[in-house]
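The following exercises are to be worked through with the sequence and the 3D structure in view. Each task is followed by a solution in steps.

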Amino acid sequence: MSDVILHHYPPSPVSEKIRAAMGLKNLTWTSVEQNRLPDRPELFAMTGGYRRIPVMQIGADIYCDTQCILRELEERFPSPSFHPSGDAGLSFALSRWTDSALFELGVRVAFAPVADSLPPELVADRTRLYFGPDGDMAAEAKDIPHTLSQLRAKLGWLEDQLAVHGPYLHGAKASMSDLLGWYVVWFVKGRYAESASLLAEFPNILDWAAKMEAMGHGTMQSITPADALKIANDASPVTPEKSDEFDPQGLKPGMQVEVAPLTNSGETAVSGNVRFLDRNRIALTREDPRCGQVVVHFPRVGYRVTTG
Ligand SMILES: N[C@@H](CCC(=O)N[C@@H](CS)C(=O)NCC(=O)O)C(=O)O
């Protein structure tokens, strides 16, 4: 069984980014299917309550957010690289657009027109999560023509890039940028009933999407959330202690802190002691009776660290 464990659920688009990343690197990995609603006791024991999906686990080291997951996969499995043309900086910058403005359009198009046929608790949860406390899915449904006008223009940017540099966004080989565009296109293609007509004017996106689909998800086998918890309990974290003399908040290993995503949807802050710091990542040591000591990694970008 592979040590690389991905906590996810099949319809999750952000998880598709990482499943496709496994395919790009042709990795063998272990899948833990989590609930679609945040009833995930084993995972929360390990993360300290971080509520988003996916999460990657390697023994007792836990990686929250796809920014951290992609960095860790690249460090552990450098070949083939997520950055075949050396454009890591551009890809991370691009991720701040795909994972915000572009993904939010995808959420509107995928959820709003079918919200009436989805479980009300799922709709209520995702409305609050993605559109904040004043979100209104019925209003989003009425506004779909406008939303499509925004999405169409942005898909056009991907189309233009592929037309000049294709078959992938940076040229001959698939890169992290392709994973970023792909998971939103995958989401819209799979969930928006009119996606065929939306995408019909984008022949380069259609060719590229077929290639991304064919890349697959690597090789996967499944275990249960309880199995994954036991793996964490039986392992010790391997993340080294690391300080960062330039840290603008004066954070140091050993300090007690809280880390929370910068959203307005009231997501749980995770508490722990700083173990590792650099400008992209912070990792916290925490203990839970169900999994023993774990080290939980978060990105710096998009998260606020507060000291007690
Ligand atoms: N910034 C996060 C975003 C993850 C995200 O929003 N994931 C969605 C699933 S596609 C989610 O967690 N939705 C709520 C849930 O599943 O509880 C990342 O890059 O991993």
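This is a predicted model: local features need pLDDT of at least 70, side-chain atom pairs count only at pLDDT 80 or more; totals for chains, interfaces and linings use all residues.

**Exercise 1. Strand pairing**

Solution. Residues are numbered from 1 along each chain as its sequence is written.

Step 1: Strand β8 (residues 281–288) runs antiparallel to β9, and eight bridges join the two. Helices (H or I, at least four residues) and strands (E, at least two) are DSSP runs numbered from the N terminus, and two strands pair if DSSP finds at least two bridges between them. The link from β8 to β9 is a hairpin of three residues.

Step 2: Strand β4 (residues 61–64) pairs with β9 in the parallel sense, over three bridges. Here D61 stands opposite V295 in β9.

Step 3: Of the eight residues of strand β9 (residues 292–299), six are buried. A residue is buried if 20 or more other C-beta atoms, placed from the backbone, lie within 10 Å of its own, exposed if 12 or fewer, and partly exposed in between.

**Exercise 2. One residue in its surroundings**

Task: Decide whether M56 counts as buried or exposed, and list what M56 touches.

Solution. Step 1: M56 is located in strand β3 (residues 55–58).

Step 1: M56 counts as buried because 23 C-beta neighbours lie inside 10 Å.

Step 2: Leaving out residues up to four places away in sequence, M56 touches V4, I5, L6, Y63, I69 and E72. Contact requires the C-beta atoms of two residues, placed from the backbone, to lie within 7 Å.

Step 3: M56 and L70 are 14 residues apart along the chain, and their C-alpha atoms are separated by 9.8 Å.

**Exercise 3. The whole chain**

Task: Compare the radius of gyration of the chain with that of a compact globule.

Solution. Step 1: The rule for a globule is 2.2 Å times the number of residues to the power 0.38, and the radius is taken over C-alpha atoms.

Step 1: The C-alpha trace spans about 55 × 45 × 40 Å along its principal axes. The chain has 11 helices and 10 strands, and buried residues make up 38% of its 308 residues.

Step 2: Among contacts between residues at least 6 apart in sequence, 72% join residues at least 24 apart.

**Exercise 4. Two domains**

Task: State where the domains lie and which helix gives the most to the side of domain 1 that touches domain 2.

Solution. Step 1: Domain 1 covers 4–80 + 220–307 and domain 2 covers 88–215; such bounds come from an automatic or database domain assignment.

Step 1: Taken over C-alpha atoms, the centres of domain 1 and domain 2 are 25 Å apart.

Step 2: In domain 1, 14 residues are in contact with 19 residues of domain 2. Helices α1 and α3 (66–76) each supply at least two residues of the side of domain 1 that touches domain 2, and α1 gives the most, with eight residues.
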